[in-house]
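Okay, thanks everyone for coming.

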Amino acid sequence: MIERVTAPSLFPPPTYSHATVVEAGTKLAFLAGAVPLDADGAVVGVGDPVRQAGQVLANLGEQLRSIGSDLRHVVATDVYVVSSETSVLSAVWEVVEASGLSVGPHSSTLIGVACLGYTGQLVEITATAVVPEHLVAEAVVAADSEEAVPS
């Protein structure tokens with residue numbers, strides 16, 4: 001079970017929660033930073049943080065699917081953007097909000113930084129997600145059925 005909490009004594013955040021509580025016994029995944037690389041390792045959208053945010057979210061979705069989860073089950077993110085301009089950070093955040101990331105507001109931090117790991121990289125997102133048992137079971141069944149299909 002996921003519970004998102006906004007502390008009533010604090011100023012209400014516009015699109016995120018102050019805390020996310022996950023009931024004990026739930027499987028959690030702590031994901032490495034998703035980066036704006038394509039399948040060949042090239043940086044997508046050099047110079048365009050909005051385009052890079054889209055690629056980062058697509059890659060984050062792939063990371064989540066590989067462990068039997070999805071964007072709806074993300075409970076926390078750190079969004080890193082190479083910029084000191086709040087308008088650039090806001091533009092990236094709009095892509096995050098529109099992505100379907102997390103059902104309900106998730107706990108998140110948006111951070112302007114000086115640089116990231118790849119030349120030309122402007123955006124990176126780290127995430128913590130719940131791995132729901134029913135999605136894991138579906139992933140196992142799908143993998144088993146793919147192995148059973150003769151070539």
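Let's start with a pair of helices: α1, residues 49–66, packs against α2, residues 86–98, at an angle of about 35°, and their axes are 9 Å apart. Before I go on, a word on where this comes from: it's a predicted model, where local features need pLDDT of at least 70 and side-chain atom pairs count only at pLDDT 80 or more, while totals for chains, interfaces and linings use all residues. Residues are numbered from 1 along each chain as its sequence is written, and side-chain values use heavy atoms, with hydrogens and water left out.

Helices (H or I, at least four residues) and strands (E, at least two) are DSSP runs, numbered from the N terminus. Axes are lines fitted to C-alpha atoms, for helices over the stretch in contact, and angles run from 0 to 180 degrees between N-to-C directions.

Back to our two helices. Which residues meet there? On the α1 side you have Pro 49, Val 50, Ala 53, Gly 54 and Leu 57, and on the α2 side Val 88, Ala 91, Val 92, Val 95 and Val 96. Contact here means heavy atoms within 4.5 Å. Sort the residues of that contact and you get nine nonpolar, one polar and no charged. For that sorting, Ala, Val, Leu, Ile, Met, Phe, Trp, Tyr, Cys and Pro count as nonpolar, Asp, Glu, Lys and Arg as charged, and the others, Gly among them, as polar.

Let's zoom out. The protein has three helices and six strands, and from the N terminus on they run β-β-β-α-β-α-β-β-α. Of its 151 residues, 34% count as buried, where buried means under 20% relative accessible area, exposed over 50%, and partly exposed in between, with a 1.4 Å probe and protein chains only. If you take the contacts with a separation of 6 or more, 72% of them are between residues 24 or more positions apart.

Have a look at β6 in particular. Seven of its eight residues are buried. It pairs with β4 (residues 74–82) in the antiparallel sense over seven bridges, β6 itself being residues 123–130. Ala 76 has Thr 128 in β6 as its bridge partner, and Thr 77 stands opposite Ala 127. β3 also pairs with β6 in the antiparallel sense, over five bridges, and there Leu 28 is partnered with Val 130.

Next, a few single residues. Trp 93 is in helix α2. Is it buried or exposed? Trp 93 counts as buried because its relative accessible area is 12%. Not counting residues up to four places away in sequence, Trp 93 touches Thr 15, Val 79, His 106, Ser 108 and Leu 110. Take Val 79: it's 14 residues from Trp 93 in sequence, and the two are 8.2 Å apart, C-alpha to C-alpha.

Follow Trp 93 across to Ser 108, and you land in strand β5, residues 107–113. Ser 108 has a relative accessible area of 16%, so it's buried too. Its side chain makes a polar contact of 2.7 Å with that of Thr 77. A polar contact is a pair of N or O atoms within 3.5 Å; within protein, one must be able to donate a hydrogen and the other to accept it, and residues adjacent in sequence count only if both atoms are side-chain atoms.

Last one: Val 44, in the loop between β3 (28–34) and α1. With 11% relative accessibility, Val 44 is buried. Leaving aside neighbours within four places in sequence, its contacts include Pro 36, Leu 37 and Gln 55. Val 44 and Gln 55 are 11 residues apart along the chain, with 7.0 Å between their C-alpha atoms.

Notes: Two strands pair if DSSP finds at least two bridges between them.
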